[in-house]
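Here is a short report on one structure. Please keep the sequence and the 3D view open while reading.

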Amino acid sequence: MRLDGKVAIVTGGGAGFGEGICRRFAAEGARVIVNDVNEQDGRRVADAIGEAGGEARFVYADVSRDADTGRLVAEAVDRHGRLDIMVNNAGVPQRGQPMENVTEDEFDRIFAVNVKALFWSAKHTVPLMRQAGGGCIIHTASTAALSPRPGLVWYNGSKGAVNTITQSMAIELAPDRIRVNAVCPVAGETRMLAEFLGGRVTPEMHARFMSTVPLGRLSQPADVANAVLFLASDDAEFLTGVCLPVDGGRTI
Ligand SMILES: NC(=O)c1ccc[n+]([C@@H]2O[C@H](COP(=O)([O-])OP(=O)(O)OC[C@H]3O[C@@H](n4cnc5c(N)ncnc54)[C@H](O)[C@@H]3O)[C@@H](O)[C@H]2O)c1
């Protein structure tokens, strides 16, 4: 078991990549706090982990909000006495469209969930991890940050910020033995894909996406979960500031 006894929070854990990360972490012995704004999905994931013999608890929180994030972190500490791993995975897409058509509300939402949530997360987790003598923080960025596609300008920019914040946190927190890394998945087989593509994925769109990935398929939650597990485990004890493409070669 690669995460035996570790306490982990996974934001956006009720679906997609986050669900994959929660299930994998629990199978590797972690005690998982499944966070989401979708209560039904979050409870479903926590219950499924429990039924499979793992340990998980759902906590509702909107991670773009200070008080919610504070409560989320406090619940982990109250229940388990510590927090070893914080996975900031929750994110929202931009509906694919010319950049000037995106409204101010959409822009603000993208940056609130994809970027400002990292600020609140750091405010609440870094002092705890510093006091504990170390910890591990992982962000879900995107290949959008490394090799942007058209029609997603503000989303791409938000994920670029995630990667720069990851490296900046890594260098600032290395003396505290807090490792900070990111994964950069290529387009994935999750609900978000349809939102990027304007609501529905036709077989032609799917085929066009797949043709840009040298390994010939889109990412799956298990691909992202495997990479996050590695970064969270002691096997990655000398890795910090890494923004790891999980992309089947797309960004080569
Ligand atoms: N699907 C892709 O093509 C793709 C590619 C690269 C990166 N990503 C990134 O991966 C992460 C996960 O996306 P996914 O594809 O699994 O999407 P998803 O929509 O399947 O899951 C995202 C989850 O986050 C939750 N969430 C949204 N806002 C939240 C908030 N404010 N607080 C708490 N939870 C919130 C949603 O309810 C949902 O359950 C995101 O950061 C996304 O930007 C996705």
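## Basis

This is a predicted model.

## Helix H4

Helix H4 covers residues 104–132, 29 residues in total. From first C-alpha to last it reaches 40 Å, close to the 42 Å expected at 1.5 Å a residue. The helix bends by about 40° at Ala112. Just after H4 comes Gly133, with a positive phi of about 90°.

Part of H4 is buried. Its buried residues are Ile110, Val113, Asn114, Ala117, Leu118, Trp120, Ser121, Ala122, His124, Thr125 and Met129.

## Helix H5

H5 has 21 residues, which should span 30 Å at 1.5 Å a residue. Its end C-alpha atoms are 30 Å apart, so the helix agrees with that expectation.

The buried residues of H5 are Tyr155, Asn156, Gly157, Ser158, Lys159, Val162, Thr166, Met169, Ala170 and Leu173. Lys159 is therefore among the buried residues, where the cut-off is 20 or more other C-beta atoms within 10 Å. The buried residues of H5 pack against H4, E5, E6 and strand E7 (243–246).

## Strand E6

How many residues of E6 are buried? Eight of the eight are, so the strand is largely enclosed by the rest of the structure. Both faces are covered. One side carries Ile178, Val180, Ala182 and Cys184. The other carries Arg179, Asn181, Val183 and Pro185.

E6 pairs with E5 in the parallel sense, over six bridges. Within this pairing, Ile137 has Val180 of E6 as its bridge partner. Val180 is also one of the buried residues of E6.

Asp108 sits in helix H4. Is Asp108 buried, exposed or partly exposed? It is partly exposed, because 13 other C-beta atoms lie within 10 Å. Asp108 and Ser233 are 125 residues apart in sequence. In space, they are 34 Å apart, C-alpha to C-alpha.

Arg177 lies in the loop between H5 and E6. Its phi is near 60°, a positive value in a residue other than glycine. Arg177 has 15 C-beta neighbours inside 10 Å, so it counts as partly exposed.

Thr212 is in the loop between helix H7 (203–210) and helix H8 (221–232). With 16 other C-beta atoms within 10 Å, Thr212 is partly exposed. Thr212 and Val224 are 12 residues apart in sequence and 18 Å apart in space, C-alpha to C-alpha.

Note on methods: Residues are numbered from 1 along each chain as its sequence is written. This is a predicted model: local features need pLDDT of at least 70, side-chain atom pairs count only at pLDDT 80 or more; totals for chains, interfaces and linings use all residues. Helices (H or I, at least four residues) and strands (E, at least two) are DSSP runs, numbered from the N terminus. The expected span of a helix is 1.5 Å times one less than its number of residues. The bend at a residue is the angle between axes fitted to the seven residues ending there and the seven starting there. A residue is buried if 20 or more other C-beta atoms lie within 10 Å of its own, exposed if 12 or fewer, and partly exposed in between; C-beta atoms are placed from the backbone. Two strands pair if DSSP finds at least two bridges between them. Two residues are in contact if their C-beta atoms, placed from the backbone, lie within 7 Å.
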